[in-house]
Structures are given as C-alpha cells and as structure tokens.
Amino acid sequence: MGLKRGATVITIAQDDFEWHREDAWGWSNKFPVYAVADGVTAPAYEEFSFPTGPKQVADLFVKSAIKFAERSFKDCSEDTLRAAYGYANGEVKKLNRRLGGVFSAVGSLAAVKNGMIFGSRLTDCGFALMRAGKIVFKTPEFWRSLKSRKRQGYGIVDGKMNLEEYVDVYFLPYKAGDALALFTDGFEPHFRENKFTVLFRERNQKILKEKILKLDQALAARDAEKYGHERTLLYVRLV
C-alpha cells in the first residue's frame with residue numbers, strides 16, 4: 001500500500017515578489033516519502049527586507065529530511081523520523097555558516113509504509129488524513145494548542161538548537177482511497193472550512209486541484225489576512 005509518486009502540489013505566494021516566497025516541498029522517487037517546509041524570516045528583517053536565507057533553509061530541510069528518510073525507510077520509526085530533523089538541522093548549520101547568518105525553517109515529513117502513515121511535524125506546519133471528504137486526523141493547530149502541550153516551547157530548523165524533542169510524531173492506519181495532505185501554515189485556516197475538506201472526495205487529481213484553487217481564491221478574496229498568506233499544500237491519494 002502507498003504511493004511512490006503521484007503527489008500534487010499547490011503553492012500560492014502572498015504577492016508577486018519572488019523574494020517573499022519561503023515555502024518548499026518535495027517527495028522521494030524511491031519511496032512514498034513527502035515533505036513541506038516554511039522558511040522563517042527573522043524579526044530583524046521583517047521591516048525592510050525578505051532575504052533569501054529562509055527559502056534556502058526550507059529547500060535544504062526538504063531535501064535533507066527526505067534523504068535521511070530514504071536511508072532509514074526499512075526501519076521507519078519515531079526515532080528515525082526525529083533523527084531526520086536532526087540530520088537536516090546539521091545540514092542547515094553548514095548552510096548558515098556559508099551564508100553568514102542564522103536562517104531557519106519549520107516543516108512536516110511523512111512516510112507511507114505497510115498500511116500506516118508515519119507522520120511528523122515541527123511547529124506550525126502539519127498534515128491531515130482525509131476519507132470521503134472528512135478529516136480522519138489532522139495535527140492540532142500549533143499556536144492554539146501551545147499552552148496545553150506537555151512540552152512547552154517550540155523548535156525551528158536553524159542549525160543551532162536541539163530540535164528533535166520538539167518534533168511531533170503520529171502513526172496512523174489508513175484505507176485505500178484516503179488522501180494524505182501536508183501543508184504549511186498558510187493553509188491551516190482552510191481546514192476549518194467544511195467546504196474545503198469535502199473537496200477531497202474528488203478522486204481525479206487534476207479536477208481536485210482546480211476545485212481547491214477556485215475555493216482558495218474565493219476565501220482569500222473574502223479575507224486576505226486570514227487566507228491570503230503564502231501557503232503550500234502537497235497531497236497524495238493513497239492506494
């Protein structure tokens with residue numbers, strides 16, 4: 001069960017400026033392993049520039065986390081998922097040295113194996129499992145649930161902190177026909193809309209993408225502050 005390929009990606013920028021884009025995504029061509037990431041712009045830069053560092057870190061997280069997950073796919077476990085983030089963090093440390101800064105990202109990584117989803121997320125990226133247009137499981141909204149979490153604080157991939165303890169890991173059984181979606185925080189509010197999740201009843205990936213884009217456009221036009229931030233959704237139909 002699972003898919004090695006066939007993921008569909010929707011990524012929408014906040015505006016037309018290339019340097020404002022900080023999301024990244026990817027999947028393995030060897031195993032059903034998927035990842036998304038969101039570069040984090042440091043507060044010091046927000047007022048006057050959007051450096052490319054966060055985007056580079058997001059790209060590197062996706063590449064490195066997938067690479068580690070491929071190597072450990074046969075022994076996929078909570079430990080190997082957390083270790084994938086640690087490995088990516090080490091690669092980001094090297095990148096930040098070359099860039100001469102401390103740039104960072106957050107992300108979500110998932111592997112599909114033996115009828116199970118091995119899912120994980122760091123901070124406010126996430127993933128969801130949907131069946132017949134309804135949510136079977138979705139990672140809790142991070143900032144809303146932060147105070148109720150047993151482990152306080154949050155982690156980022158910046159090459160400095162010990163982040164593995166902040167990675168949330170979930171193991172979920174799935175059924176053929178379910179949809180797995182990984183997303184950055186810009187798509188978080190969409191999952192509160194029943195008219196969004198019901199779209200995943202559509203089995204044709206091309207038509208589903210068209211429907212999502214149409215609804216997304218309507219939501220962003222209605223409330224740009226809530227629905228109009230940069231956002232990426234990677235989804236795959238499981239078999």
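Select Phe191 and Phe196: both are buried, where buried means under 20% relative accessible area, exposed means over 50%, and partly exposed lies in between (1.4 Å probe, protein chains only). The model on the screen is predicted, so local features need pLDDT of at least 70 and side-chain atom pairs count only at pLDDT 80 or more, while totals for chains, interfaces and linings use all residues. Residues are numbered from 1 along each chain as its sequence is written, and side-chain values use heavy atoms, with hydrogens and water left out.

**The aromatic rings**

The structure holds twelve aromatic pairs. Rings of Phe, Tyr and Trp (its six-membered ring) pair if their centres lie within 6.5 Å; planes under 30 degrees apart count as stacked, over 60 as edge-to-face and the rest as tilted. Phe191 and Phe196 form an edge-to-face pair, 5.1 Å centre to centre with 80° between the planes.

Why is its pair with Phe196 edge-to-face? The planes of Phe196 and Phe200 stand at 80°, with the ring centres 5.6 Å apart, so the pair is classed as edge-to-face. Phe196 and Phe200 are both buried. To see the cluster linked by ring pairs, select Phe183, Phe187, Phe191, Phe196, Phe200 and Tyr235.

Next, go to Phe73 and Lys113. The charged end of Lys113 sits over the ring of Phe73, 5.4 Å from its centre. (A charge sits over a ring if NZ of Lys or CZ of Arg is within 6 Å of the ring centre and within 35 degrees of the ring normal.)

**The nonpolar cores**

A nonpolar core is a set of buried Ala, Val, Leu, Ile, Met, Phe, Trp, Tyr and Cys residues joined through side-chain atoms within 4.5 Å. The largest one has 31 residues, and Val33, Phe61, Val62, Tyr85 and Leu109 touch the most other members. Elements that give two or more residues to this core include strand 3 (33-40), helix 2 (53-71), helix 3 (78-99) and strand 4 (104-113). Helices (H or I, at least four residues) and strands (E, at least two) are DSSP runs, numbered from the N terminus. Helix 2 supplies the largest share of this core, eight residues.

Select Val62. Leaving out residues up to four places away in sequence, Val62 touches Ala24, Trp25, Gly26, Ala35, Val36 and Ala37; contact means heavy atoms within 4.5 Å.

**Helix 3**

Helix 3 has 22 residues and reaches 32 Å from its first C-alpha to its last, close to the 32 Å expected. The expected span is 1.5 Å times one less than the number of residues. Among its buried residues are Leu81, Tyr85, Val92 and Leu95. Helix 2, strand 4, strand 5 and strand 8 are included in what covers the buried residues of helix 3. After helix 3 comes Gly100, with a positive phi near 75°.

**Two loop residues**

Most residues other than glycine have a negative phi. Asn114, in the loop between strand 4 and strand 5, has a positive phi near 55°. Thr123, in the loop between strand 5 and strand 6 (126-131), has a positive phi of about 65°. Which state does each have, buried or exposed? Asn114 is exposed, with a relative accessible area of 68%, whereas Thr123 counts as buried at 3% relative accessibility.

**The whole protein**

Finally, show everything. The protein has seven helices and ten strands, and 55% of its 239 residues count as buried.
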